[in-house]
Amino acid sequence: ETLNYGSHLPALMACAAICDGPVLEIGSGHFSTPCLHALCSALKLPLTTIETEDSWRSLFTGYETAGHRILKQTNELVRELSQQKWGLVLIDDFPDNRLGWLPLFFNLARYVLFHDCNFEPFDAPLRNWLAENPCNHRVYTKYGPYTMVISKERPIPELQP
C-alpha cells in the first residue's frame with residue numbers, strides 16, 4: 001500500500017518510544033514534526049528539528065518550545081549535530097543530502113531512520129553501505145514509501161505484521 005506521506009510514522013513512533021535519548025529530525029513534515037513533538041514532549045525527550053527551506057520551516061515554528069528546537073539546516077549545523085549522541089535521527093530532507101547524513105550519524109545514534117529508502121537514488125547505495133557497515137537493520141514495508149531503520153548495536157523493533 002502506498003500512502004505517499006506519513007508512511008514512516010509506525011517505525012518513527014516505535015523507535016522514538018524506545019530510543020532513550022534526544023531526537024533529531026532532519027527535514028520537517030506535516031506528519032513527523034507534530035507526532036515527534038507530541039511523543040517527545042510526553043516522554044521528556046529533547047527534540048531538534050532542522051529544515052533547509054525557510055518557508056517550510058516557518059510552518060512548524062509554532063511547535064518550538066524549551067524542549068523542541070527548530071533550526072535552519074545548513075551543512076555546518078548538520079556536521080556540528082553529528083558530533084553528539086542521539087537516541088534517534090530521522091533522515092527525511094532533500095534527496096541530494098540524505099545519503100551523506102547516514103555515515104555521519106551511524107556511530108552516535110541509537111537508531112537512524114532513512115525515509116524513502118526504496119526510491120531509486122537510495123536503494124542500491126543503501127544496500128552497498130549496509131554491506132560495508134554490518135549492523136542491525138530492517139525495512140518497514142507495510143506502507144510505501146519504505147523506511148529503513150538502522151542501529152549499530154540495538155535490536156530493531158518489530159514494525160509490521
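The dialogue below takes up the model, then its pockets, then its salt bridges.

Q: What kind of model is this, and how are residues numbered?
A: The model is predicted, so local features need pLDDT of at least 70 and side-chain atom pairs count only at pLDDT 80 or more, while totals for chains, interfaces and linings use all residues. Residues are numbered from 1 along each chain as its sequence is written, and side-chain values use heavy atoms, with hydrogens and water left out.

Q: How much space lies in the largest pocket?
A: Rolling a probe the size of a water molecule over the atoms shows where empty space is left. A pocket is an open set of points on a 1 Å grid over the protein atoms alone, where a 1.4 Å probe fits, with protein on both sides within 12 Å along at least five of seven lines; lining residues have an atom within 4 Å of a point. A volume is the space filled by probe spheres set on the points, which are joined across faces, edges and corners. Here the largest pocket holds about 450 Å³. It has 22 lining residues, and those closest to its centre are Tyr5, Ser28, Gly29, Trp56 and Asp92.

Q: What lines the second largest pocket?
A: This pocket, of about 240 Å³, has a lining that includes Trp86, Arg110 and Glu153. Strand 4 (86–91) and strand 5 (109–115) each supply at least two of the lining residues; strands are DSSP runs of E (at least two residues) and helices runs of H or I (at least four), numbered from the N terminus.

Q: How many salt bridges are there?
A: A salt bridge is a side-chain nitrogen of Lys or Arg within 4 Å of a carboxyl oxygen of Asp or Glu. The whole structure has six. Asp54, Arg57 and Lys72 are linked in a network of them.
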